[in-house]
Amino acid sequence: MSDPYLPRLVGIVGGGFMGSGIAECTARAGVPTIIFEPSERALEASRSRIEASTAHATRTAKLTAEAAAELLDLIVYTTELDELREVEIAVEAVTEDAALKTRLFAELDQILPEGSLLASNTSSIPIAELAAATARPDRVVGMHFFSPVPVMKLVEIVVGLDTSEATADRACAIAQAIGKQPIKTKDRSGFIVNTLLVPYLMAAVRMYEEGFAGREEIDQGMRIGCGHPMGPLALSDLIGLDVLYAICDSLYEEFKRAEYAPPPLLKRMVASGRLGRKTGRGFFDYANAADAEVVAARRSG
């Protein structure tokens, strides 16, 4: 392997939308990657997701057929967490549940070699909280990727209270080696991007909730008027309204500022299972051709 900053073996804990995307990126960089999910059904969904993504990349000439086949061959799927015992870095990408993440970090701490890094893709949970569940807090770091991971270049490197400088630098080097642009941030809820982004998204939700403007007008205003590639309501659907709600809760809990509070409409949409693109319906209906056209997201992936 030519790049000295690439790890020899990567483990991904959680094969959902984000975890699958991270695994696709590490494998695309030539790194053998293990995806852990506790159920075969979840693993099969991850496999299908990565195969569909690489097929799309091949069709759009972003990837050759040979490179796609090599990428897929580098990924191993397992229901046994112990299979990650030799990875140099484990990236946790499960749901935004602090108890679940903390338990996984404690288990990984027992399994991984002493020198391995533990990273979390969390968008809101304090890295210090996860690090406290381990005997290696200096080797715990946040690596917050953005959706869709194979397309989005940014990774926020979140430096916890006890994260060593060497660990932060290593995480930055790994991100760069797999083709991403890292930026360092301190460990506080929302980090850099969500602290700035969430008030904007919530303002759009409140505007729609109050009937001030229609969803199409809100999104077109920001796409056409401000040059954004995607309107705020369509972007909320892409992020996932359940994920966005959890981020809002975390930001509001930490800062107690009104602009971070999730509006009642968002809460009710999450309760109704209208979570955005991943469920086919959020602020827009993705089975509806007219809605899909209104979204008009210029995605380069």
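## Terms and basis

A polar contact is a pair of N or O atoms within 3.5 Å; within protein, one must be able to donate a hydrogen and the other to accept it, and residues adjacent in sequence count only if both atoms are side-chain atoms. This is a predicted model, in which local features need pLDDT of at least 70 and side-chain atom pairs count only at pLDDT 80 or more, while totals for chains, interfaces and linings use all residues. Residues are numbered from 1 along each chain as its sequence is written, and side-chain values use heavy atoms, with hydrogens and water left out.

## Thr 134

The side chain of Thr 134 has a polar atom 2.8 Å from the backbone oxygen of Ala 131. Thr 134 sits in the loop between α5 (127-131) and β6; helices (H or I, at least four residues) and strands (E, at least two) are DSSP runs, numbered from the N terminus.

Thr 134 has a relative accessible area of 12% and is therefore buried (under 20% relative accessible area; exposed is over 50%, partly exposed in between; 1.4 Å probe, protein chains only). Apart from neighbours within four places in sequence, Thr 134 is in contact (heavy atoms within 4.5 Å) with Phe 105, Asp 109, Leu 118 and Val 140.

Two strands pair if DSSP finds at least two bridges between them. β6 and β7 (residues 154-159) run antiparallel and are joined by 4 bridges; His 144 stands opposite Glu 156 in β7. β7 and β8 (residues 181-186) run parallel, with 6 bridges, and Ile 157 stands opposite Lys 184 in β8.

Together with helix α6 (residues 165-177), β7 and β8 make a right-handed β-α-β unit. Right-handed means that, with the strands pointing away from the viewer, the path from the first strand over the helix to the second runs clockwise.

## Helix α7

Helix α7 (residues 193-209) has 17 residues and reaches 24 Å from its first C-alpha to its last, close to the expected 24 Å (1.5 Å times one less than the number of residues). Its buried residues include Leu 197, Val 198, Leu 201 and Val 205. Among the elements covering the buried residues of α7 are β6 (140-145), α8 (215-226) and α10 (241-255). Gly 211, with a positive phi near 75°, follows α7.

## Whole chain

The protein chain has 12 helices and 8 strands. Its radius of gyration is 19 Å, close to the 19 Å that the globule rule gives for 301 residues, so the chain is as compact as a globular protein of that length (taken over C-alpha atoms; the rule is 2.2 Å times the number of residues to the power 0.38). Buried residues make up 45% of the 301 residues.
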